[in-house]
Protein chains: 2
Amino acid sequence: MGDRPRIRDVARRAGVSEKTVSNVINDHPHVRARTRAAVEEAIAALGYRVNLAGRHLRRGESGVIALVVPELDLGYFAELADLVIREAERRSRTVLVHQSEARRTREESALDGFGTDFVDGVILSPLAMDDDALQAYRSRLPVVLLGEVPRAVRHAHVAIDNVAAAREATEHLLDGGRTRIAVVGGRPPRPSGTAELRTRGHVEALRARGMAADPTLVRPAREFHWRDGAALTAALLAEARPPDALLCLNDLLALGAMRALHDAGVRVPEDVAVVGFDDIAPGRYSVPALTTVAPDKPRLAREAVRLLAEAVEGRRDTTGAASGREFGPSASKVVVGHTLLIRESSSTAR
Amino acid sequence: MGDRPRIRDVARRAGVSEKTVSNVINDHPHVRARTRAAVEEAIAALGYRVNLAGRHLRRGESGVIALVVPELDLGYFAELADLVIREAERRSRTVLVHQSEARRTREESALDGFGTDFVDGVILSPLAMDDDALQAYRSRLPVVLLGEVPRAVRHAHVAIDNVAAAREATEHLLDGGRTRIAVVGGRPPRPSGTAELRTRGHVEALRARGMAADPTLVRPAREFHWRDGAALTAALLAEARPPDALLCLNDLLALGAMRALHDAGVRVPEDVAVVGFDDIAPGRYSVPALTTVAPDKPRLAREAVRLLAEAVEGRRDTTGAASGREFGPSASKVVVGHTLLIRESSSTAR
DNA sequence: GCACACTTTTACATCGATGTAAATACCTCG
DNA sequence: CGAGGTATTTACATCGATGTAAAAGTGTGC
């Protein structure tokens with residue numbers, strides 16, 4: 001009942017050296033069955049547990065990876081964090097969840113391991129740092145980007161095909177007879193950044209049907225929260241030619257939009273159809289239930305953790321030579337599937 | 001540009017001993033201003049950063065605390081985690097978020113620091129472990145409980161006054177003319193556990209008006225998710241004498257309930273009023289907006305972190321003796337405020 | 001000029017686990 | 001039975017920072 005036992009204590013009790021105990025703990029191949037049994041008996045008897053501080057110091061690897069998301073109480077990132085934590089656990093790694101608050105300095109400091117060498121690697125869902133910033137920033141740590149950042153070839157990244165997803169969502173709205181579709185949270189359709197890519201998919205879908213995109217219907221959002229969705233929607237409704245559909249670039253915007261529509265006495269989906277992205281839980285229970293693009297979140301999480309774990313394990317190789325090359329051959333990109341879930345908010349054709 | 005600099009390198013560059021560098025880093029009192037300046041210059045020039053593995057090993061304290069919640073994608077816990085992380089950051093501690101999935105073994109292992117001595121302490125939001133289990137379980141780590149566990153005097157805990165909160169919520173419904181109030185997620189009103197305490201407050205409010213509580217209207221929930229709220233509500237509606245109000249013991253249950261009411265063609269609040277607990281974001285934007293008991297979450301987080309930090313720091317002093325591992329001779333209990341936010345889901349009197 | 005008290009700095013050991021390389025045990029076969 | 005090889009085990013150094021205790025430096029008063 002005194003202090004925690006150490007390897008030394010286990011070794012003494014089992015009558016072997018400390019290194020042998022270590023070998024047993026780490027599943028080294030050359031340990032005789034009898035010896036192993038004796039050590040295991042001692043471990044159990046003393047209730048020994050590895051001291052991670054010692055191991056970390058010696059191995060130079062803490063077993064901790066950081067997950068950096070804009071904000072946890074955005075439903076999407078909470079769900080994702082949930083999944084990442086579970087996946088990391090399966091690989092016996094621990095996750096440190098860090099919130100960037102969409103601030104660039106915080107994202108940068110995360111890439112650097114928060115000014116310490118506490119973490120082995122970082123999974124970052126970038127928001128404030130754009131493509132160029134990411135490209136330029138040299139992290140000493142393995143990094144996996146979560147979400148679309150197409151040109152950041154220096155880093156591994158995992159995402160859905162945002163262009164295709166937005167195209168499908170738009171086609172669905174067009175099929176329902178909608179003609180004036182506003183893009184809530186949209187941005188000029190450049191080939192970079194999630195919002196830009198989704199807007200681009202939208203524009204492509206219109207073009208494919210010979211329709212011109214109306215840039216006045218693309219409304220950027222400062223944040224991707226309910227309140228922004230509500231505010232943008234209220235503004236749209238107050239204009240001369242209000243839209244008959246809203247392509248909201250995430251579910252929170254969509255839920256805020258639906259609330260604003262309700263307040264304005266506009267019926268969903270009869271008067272205005274609404275589609276979101278992310279498939280967060282509240283959208284499944286809202287009234288009306290929200291049509292949304294559902295990314296394969298479990299796979300997103302699994303692939304992100306896998307890529308990072310591999311990078312951490314293989315870090316030795318890249319330390320020396322690879323530096324200096326702008327286009328690293330190792331930067332893997334994984335595209336994960338998505339599904340358009342058609343629910344009540346867009347189900348009725350006009 | 002090779003490896004990370006160590007204290008050794010800083011010491012060499014500044015022309016002092018390693019210990020002096022350490023003294024500067026740790027703000028020791030006896031360092032001459034000139035020496036300090038020289039060391040700081042060297043630190044800046046080399047880009048030195050403390051290696052936490054070394055510090056952890058030496059100090060026996062990692063600076064990491066664990067937050068254990070049932071599930072992150074329950075909106076309430078994501079919001080709470082958000083706040084706890086920020087608060088811990090202010091105190092320069094790092095938070096490890098762990099999900100118990102409401103499983104007893106996982107909660108127990110958390111109390112033990114996950115089988116390692118990686119974390120300095122634990123903030124636990126217990127769900128699976130009841131009072132007696134908590135009372136019996138001897139943790140080697142400082143623990144702060146988040147949420148109501150009245151008899152667990154061995155551990156510090158932080159919570160709102162659940163009995164009073166439920167009483168107020170019930171009074172509000174009674175004031176609105178409701179007479180058959182179902183308690184969704186309720187349990188027999190024992191003096192322990194959040195659900196039990198809230199049920200108790202409800203019963204007390206009824207009694208105070210000379211009304212008897214109808215035990216058949218108290219419906220326990222397996223989990224506190226949307227689907228459980230929806231299922232329980234659907235069942236209630238199918239019965240001979242359906243309720244005219246739902247006191248849902250958290251917002252998710254309430255949101256699920258509202259969805260079920262909508263599906264059944266029942267109007268909220270005209271036919272049935274709904275009240276929840278937690279004040280999570282989706283309830284603010286639901287249609288109708290959800291009346292709810294809002295705990296002072298920022299203070300909840302602040303106090304939890306404060307209590308734990310104090311316990312961890314207090315432990316340092318006792319290192320020498322290290323006899324009986326008993327933390328906090330007087331387990332502190334902090335009660336945090338709450339507010340009943342009356343919104344649309346209960347606003348119209350009958 | 002020197003004893004004494006106080007401030008600042010240092011050498012060294014230590015926290016616990018594990019890689020390295022060398023030592024020892026074990027086994028096979030001529 | 002011993003050479004030669006493989007399988008196991010060990011002693012020791014090391015990862016990086018910091019507590020301890022002692023050394024070195026500074027200053028004061030007589």
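Two residues are in contact here if their C-beta atoms, placed from the backbone, lie within 7 Å. By that criterion, 38 residues of chain B are in contact with 38 residues of chain A in this predicted model.

**How chains A and B meet**

- On chain B, the side that touches chain A draws two or more residues from each of α4 (52–59), α5 (75–90), β2 (94–99), α11 (251–263) and α12 (281–285).
- Of these elements of chain B, α5(B) has the largest share of the side that touches chain A, at six residues.
- Sorted by class, this side of chain B holds 18 nonpolar residues, twelve polar ones and eight charged ones.
- Chain B is superposed on chain A by a rotation of 180° with 0.1 Å of shift along the axis, and the RMSD is 0.1 Å.
- The two copies are therefore related as by a two-fold rotation axis.
- The copies meet through the same surface, because 97% of the interface residues of chain B are also interface residues in chain A.

**Surface near DNA strand C**

- There are 26 residues around DNA strand C, and those that come nearest are A:I7, A:N51, A:G54, B:T20 and B:T35.
- Helices α2 (18–25) and α4 (52–59) of chain A, and likewise α2 (18–25) and α4 of chain B, each supply at least two residues of this surface.
- The most comes from α4(A), which gives five residues to the surface near DNA strand C.
- The class counts near DNA strand C are seven nonpolar, nine polar and ten charged residues.

**Surface near DNA strand D**

- Around DNA strand D there are 25 residues, of which A:S17, A:T35, B:I7, B:N51 and B:G54 come nearest.
- For DNA strand D the largest share, five residues, belongs to α4(B).
- By class, the surface near DNA strand D consists of seven nonpolar, nine polar and nine charged residues.

**Domains of chain A**

- Chain A is divided into domain 1 (7–50), domain 2 (62–159 + 296–336) and domain 3 (162–295 + 339–346).
- A distance of 60 Å separates the C-alpha centres of domain 1 and domain 3 of chain A.

**A sheet in chain B**

- Chain B has an open sheet of six strands in the order β2-β1-β3-β4-β5-β11, with parallel pairing.
- The edge strands of this sheet are β2 and β11 (333–336) of chain B, each of which pairs on one side only.
- On average, neighbouring strands of the sheet are turned by 20° against each other, direction ignored.
- Strand β5 (residues 156–160) of chain B pairs with β11(B) in the parallel sense over four bridges.
- B:H157 stands opposite B:K333 in β11(B).

**Backbone details in loops**

- A cis peptide bond runs from A:V268 to A:P269, with omega near 5°.
- A:P269 sits in the loop between α11 (251–263) and β9 (273–277) of chain A.
- In chain B, the peptide bond from B:V287 to B:P288 is cis, with omega near -10°.
- The loop that holds B:P288 lies between α12 and β10 (291–295) of chain B.
- B:D278 is not a glycine, yet its phi is positive, at about 120°.
- The location of B:D278 is the loop between β9 (273–277) and α12 of chain B.

Technical notes. Residues numbered from 1 in each chain as written. Chains lettered and ligands numbered in written order. Predicted model: local features only at pLDDT ≥ 70, side-chain atom pairs only at ≥ 80, totals over all residues. Nonpolar A, V, L, I, M, F, W, Y, C, P; charged D, E, K, R; others polar. Near = placed C-beta within 6 Å. Least-squares fit on C-alpha atoms with pLDDT ≥ 70 in both. Domains from an automatic or database assignment. Pairing = 2+ DSSP bridges. Axes fitted to C-alpha atoms, helices over the stretch in contact; angles between N-to-C directions.
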